[in-house]
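Welcome, and thanks for taking a look at this one with me. Here are some notes to read alongside the structure, one spot at a time.

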Protein chains: 2
Amino acid sequence: MSEYDDLMAFQRDTEALAQVAGRLGWDQETMMPPGAAIQRGEEIGALEGVLHSRRIDPRIGDWLDGIDLATLNNVGRANMRHIKRSYVRNSKVPEDLASEIARVTSVAQGIWARARAGEDFAAFAPTLAQVVSLRQREAQALANGGDMYDALLDDYEPGMTGTRLEAMFAVLRPRLVALRENVLGATRKPPALDRDFAEDAQLAISRDLARAFGYDMARGRIDKAVHPFSSGSGQDVRITTRTSRRNPFDCFYSTIHEVGHAAYEQGIDDAYLLTPLGAGVSMGVHESQSRIYENQLGRGAAFTGYLYDRMIEVFGDIGVPDGEAFYAIANRVQPGHIRTDADEVHYNLHILMRFDLERALISGDLPVADLPDAWNTRFKADFGVAVDKPSNGCLQDVHWAVGLFGYFPTYTLGNVYAGCLYQALRAAVPDLDERLARGDTSAATGWLLDNLQRHGGLYEPRETVARACGFEPTEAPLLDYLDEKFGALYGL
Amino acid sequence: MSEYDDLMAFQRDTEALAQVAGRLGWDQETMMPPGAAIQRGEEIGALEGVLHSRRIDPRIGDWLDGIDLATLNNVGRANMRHIKRSYVRNSKVPEDLASEIARVTSVAQGIWARARAGEDFAAFAPTLAQVVSLRQREAQALANGGDMYDALLDDYEPGMTGTRLEAMFAVLRPRLVALRENVLGATRKPPALDRDFAEDAQLAISRDLARAFGYDMARGRIDKAVHPFSSGSGQDVRITTRTSRRNPFDCFYSTIHEVGHAAYEQGIDDAYLLTPLGAGVSMGVHESQSRIYENQLGRGAAFTGYLYDRMIEVFGDIGVPDGEAFYAIANRVQPGHIRTDADEVHYNLHILMRFDLERALISGDLPVADLPDAWNTRFKADFGVAVDKPSNGCLQDVHWAVGLFGYFPTYTLGNVYAGCLYQALRAAVPDLDERLARGDTSAATGWLLDNLQRHGGLYEPRETVARACGFEPTEAPLLDYLDEKFGALYGL
């Protein structure tokens with residue numbers, strides 16, 4: 001065995017244990033008995049402790065020093081890059097800080113949930129201040145005098161910086177704001193669906209949709225959960241969805257979104273199983289897959305036409321005269337407080353706001369106590385609506401409670417990447433709409449599989465997208481797509 | 001922190017990781033996608049590797065040497081006893097032998113399943129020979145010149161020996177054989193149920209039965225699996241059951257049996273959570289709980305009367321005239337090849353045979369190649385029926401394939417213990433039958449909880465039962481109970 005083989009064997013067990021930890025998270029949201037919370041906390045703590053020790057094991061440093069990169073092929077060099085990044089990152093953070101962050105953020109989620117249920121920001125503020133302070137200390141340890149926000153961002157989107165994101169949002173903002181104003185000022189006002197839809201039937205359709213979008217049920221499963229998510233890599237990639245009697249779109253598009261994430265994980269080359277290349281390369285690239293599945297493909301006129309027919313088959317009269325009206329309803333633009341309910345026009349404006357606020361929280365420019373005012377003022381300015389209660393304002397998302405600073409912008413980055421990929425896909429598959437209108441996504445998902453998903457972590461995130469597109473990603477394709485789609489829908 | 005506290009903190013993480021490993025096993029039998037088997041093997045291997053390293057960590061030896069037992073109370077001394085037993089046991093087995101056993105037995109299960117399906121003992125023989133040889137090597141390492149079978153037995157029933165089990169079976173055998181002959185010679189022949197029973201309704205009744213026997217659903221859950229089992233300790237103790245349209249007793253009594261195991265785990269004092277005392281003390285004591293729940297309580301005339309009424313409520317006419325006839329059907333004695341289908345009269349004869357054969361396999365007196373002949377000859381002698389195919393003979397059980405030698409006799413030991421506990425319980429709860437006839441098991445399960453279950457691993461196995469009974473366990477109560485019950489049922 002070479003030193004590289006030894007390192008990869010060690011890494012393989014670490015990756016396998018990380019999969020186990022992920023599955024504990026899945027179990028907690030789907031299967032765990034309600035009375036098992038305390039024991040589960042100890043189980044997760046023990047397993048995370050094992051993982052942390054392995055990630056900073058000094059043998060990794062020795063192997064990294066001892067292996068000559070020139071002896072490796074591009075897969076080997078990519079593995080080395082990932083392992084080194086993780087080792088350097090984890091070794092920079094003092095042990096007691098790492099475990100304090102794990103401890104506080106695990107408790108913070110419950111405190112946040114109770115504060116949100118009680119509409120009581122003050123009950124959450126001391127905990128949030130503690131989380132911000134811990135992540136600031138971590139960022140300082142990671143940044144070595146560099147930008148603290150960039151150091152945190154690197155966990156979710158390696159290579160990305162706050163400055164580059166700022167430039168991205170500067171391009172997006174004016175055209176998104178203009179589009180929003182035009183749409184809201186238009187005379188066309190599509191209604192919402194106005195029926196009850198049996199939840200079992202919604203789930204049956206959503207299983208068909210998952211299969212239609214290429215989700216491999218032999219290496220996955222679908223369960224219900226409060227918040228939809230995708231979990232796991234390789235041969236065991238599970239998704240969840242949810243139902244709402246009045247709004248079947250929630251079930252259908254949550255499923256398609258999570259199938260986008262899951263198909264990426266399932267699509268990675270088998271040779272990368274349980275190696276650093278065997279998972280999606282970044283949150284932004286991950287989100288590009290969930291978004292293009294959900295929006296550009298799933299909410300397009302072609303596929304919604306197919307979905308309309310399926311709904312009529314299952315539910316009979318749904319109070320919508322034809323596929324065109326159904327398409328308008330599925331893409332209805334509505335100002336609203338809640339990010340996860342937002343349409344394609346509003347979504348990135350929600351993210352923009354969170355990006356600015358979280359950068360200010362991490363830099364210290366925005367004290368936690370001032371967050372509700374800052375949020376509410378900004379929301380009124382950007383969305384023209386007052387925030388009526390904390391659960392519709394700065395208590396709506398769990399991210400900051402669990403320490404996720406630098407995560408939000410990857411959602412918009414994913415949208416930007418999805419815009420680019422969709423442009424390239426349309427060029428590569430000229431009859432895309434005819435296929436989607438028959439419910440056949442195979443040409444689209446096959447193109448994404450071949451050109452992006454199968455590579456896993458082989459290339460850097462941006463390079464992964466650029467190689468698939470054949471051009472450097474920019475904001476223009478997303479903006480053009482939104483202008484065209486919603487211009488046509490609203491007669492602008 | 002004292003050295004004892006350090007040891008217990010280390011042990012706590014080990015116990016938590018062992019719970020995670022157990023839950024992976026549960027997931028594999030209930031939730032895992034079929035295509036995830038290879039990855040799952042690596043996940044379990046990695047986690048077992050972590051557990052093994054922790055169990056032989058030299059710091060444990062230092063702690064054990066450094067801690068003065070005189071400074072500890074009885075709980076502390078019991079913890080030390082368990083930790084020392086595990087450390088000494090695991091440290092005796094060379095690392096490469098331990099991982100070879102883990103590797104071979106994990107593959108052997110699949111080979112056994114295919115050989116059983118193909119009725120092909122020869123396809124399994126080389127694997128079984130390998131497993132026997134590995135366990136012999138392990139037993140030699142553990143026994144230090146002592147009895148090899150005793151060394152293996154100690155993993156499942158600490159303190160028990162082959163010689164004592166031989167004495168137990170010598171007492172059981174003549175009376176069991178006589179009872180069996182009398183029952184089969186009797187003129188009364190109760191029929192079997194002869195209806196189809198909707199499986200959803202069976203599951204609904206089995207959930208009610210689980211609750212009736214005190215299973216805490218807030219710290220557990222019930223799912224379907226091919227083979228019923230109970231999994232986990234403390235706050236997360238899950239059971240499985242199965243259904244058969246023609247035989248609802250399979251579902252009901254599998255559930256009650258597993259609830260006996262689960263109630264034991266759930267009933268252990270909360271103070272022992274994630275310590276060595278926080279799990280059932282041995283397989284024999286565990287089986288005493290599942291057996292007394294299933295047989296003495298669940299299949300008694302009082303409780304079957306309640307169950308008969310429930311079945312009439314749910315299924316209407318089931319073709320059985322009254323509760324007395326139903327009781328006879330639920331306790332129908334039938335010779336048969338399969339241990340897991342056996343009635344109370346035949347069950348221990350199945351075990352007796354396996355005990356003799358596995359001792360001979362481990363001692364080397366019985367070569368693996370001769371096992372089918374030895375099995376078939378013995379079965380004909382003990383049961384008066386020829387073995388028609390390997391799946392009805394020595395390929396029926398998975399135990400030996402996965403290396404479980406010394407496990408079978410704990411089933412009969414559990415029956416003997418259950419007989420003693422039932423005698424003590426009847427004395428302590430004079431109106432037991434009136435309560436059971438109303439479906440109220442609380443006095444019985446409460447007595448078992450208070451007198452046995454809550455102690456977990458505090459006492460040695462046999463002492464645990466003796467303390468609950470108030471007398472030293474013997475075979476007589478079980479034999480008297482069986483003679484009385486089946487004598488009355490068959491008019492002997």
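1. Let us begin with A:Glu119, which counts as partly exposed because its relative accessibility is 31%. Please keep in mind throughout that this is a predicted model. You will find A:Glu119 in the loop between α5 (95-117) and α6 of chain A. Its backbone deserves a look too: A:Glu119 has a positive phi of about 50°, although it is not a glycine.

2. B:Leu274 is not a glycine, yet its phi is positive, near 55°. This residue sits in the loop between α10 (248-267) and α11 (283-297) of chain B. Is B:Leu274 buried or exposed? With a relative accessible area of 6%, B:Leu274 is buried, since the cut-off for buried is under 20%.

3. Two packed helices are described by the angle between their axes and the distance between the axes. Helix α6 (residues 121-143) of chain A packs against helix α14 (residues 344-363) of chain A at an angle of about 75°, and the axes are 9 Å apart. α6(A) and α14(A) are therefore roughly perpendicular to each other, because angles of 65 to 115 degrees count as such.

4. Which residues make the contact between these two helices? On the α6(A) side they are A:Val132, A:Arg135 and A:Gln136, and on the α14(A) side A:Leu361, A:Ile362 and A:Ser363. Sorted by class, the contact of α6(A) with α14(A) has three nonpolar residues, two polar ones and one charged one.

5. Now for the rings. Over all chains, the structure holds 38 aromatic pairs. One of them joins A:Phe379 and A:Phe383, a stacked pair with 4.3 Å from centre to centre and 10° between the planes. Both of these residues belong to helix α15 (residues 371-383) of chain A, and because they are four residues apart there, about one helical turn separates them. A:Phe379 and A:Phe383 are both buried.

6. A:Trp400 counts as buried at 6% relative accessibility, and A:Phe405 is buried with a relative accessible area of 0%. Both are part of one aromatic cluster, whose other members are A:Tyr156, A:Tyr347, A:Trp375, A:Tyr407, A:Phe408 and A:Tyr411.

7. Please also visit A:Thr464, in helix α19 (residues 461-469) of chain A. This threonine counts as buried, because its relative accessibility is 1%. A polar atom of the A:Thr464 side chain lies 2.8 Å from the backbone oxygen of A:Glu460. Not counting residues up to four places away in sequence, A:Thr464 touches A:Val281, A:Val285, A:Leu452 and A:Tyr459.

8. Last stop: B:Asp382, which is found in helix α15 (residues 371-383) of chain B. B:Asp382 is buried, as its relative accessible area is 9%. What does B:Asp382 contact, leaving aside neighbours within four places in sequence? The partners are B:Arg173, B:Arg180 and B:Leu349.

Terms used:
Residues are numbered from 1 along each chain as its sequence is written. Chains are lettered from A and ligands numbered from 1 in the order in which they are written. This is a predicted model: local features need pLDDT of at least 70, side-chain atom pairs count only at pLDDT 80 or more; totals for chains, interfaces and linings use all residues. Side-chain values use heavy atoms; hydrogens and water are left out. Axes are lines fitted to C-alpha atoms, for helices over the stretch in contact, and angles run from 0 to 180 degrees between N-to-C directions. Angles under 35 degrees count as roughly parallel, over 145 as roughly antiparallel, 65 to 115 as roughly perpendicular and the rest as oblique. Contact means heavy atoms within 4.5 Å. Ala, Val, Leu, Ile, Met, Phe, Trp, Tyr, Cys and Pro count as nonpolar, Asp, Glu, Lys and Arg as charged, and the others, Gly among them, as polar. Buried means under 20% relative accessible area, exposed over 50%, partly exposed in between (1.4 Å probe, protein chains only). A polar contact is a pair of N or O atoms within 3.5 Å; within protein, one must be able to donate a hydrogen and the other to accept it, and residues adjacent in sequence count only if both atoms are side-chain atoms. Rings of Phe, Tyr and Trp (its six-membered ring) pair if their centres lie within 6.5 Å; planes under 30 degrees apart count as stacked, over 60 as edge-to-face and the rest as tilted.
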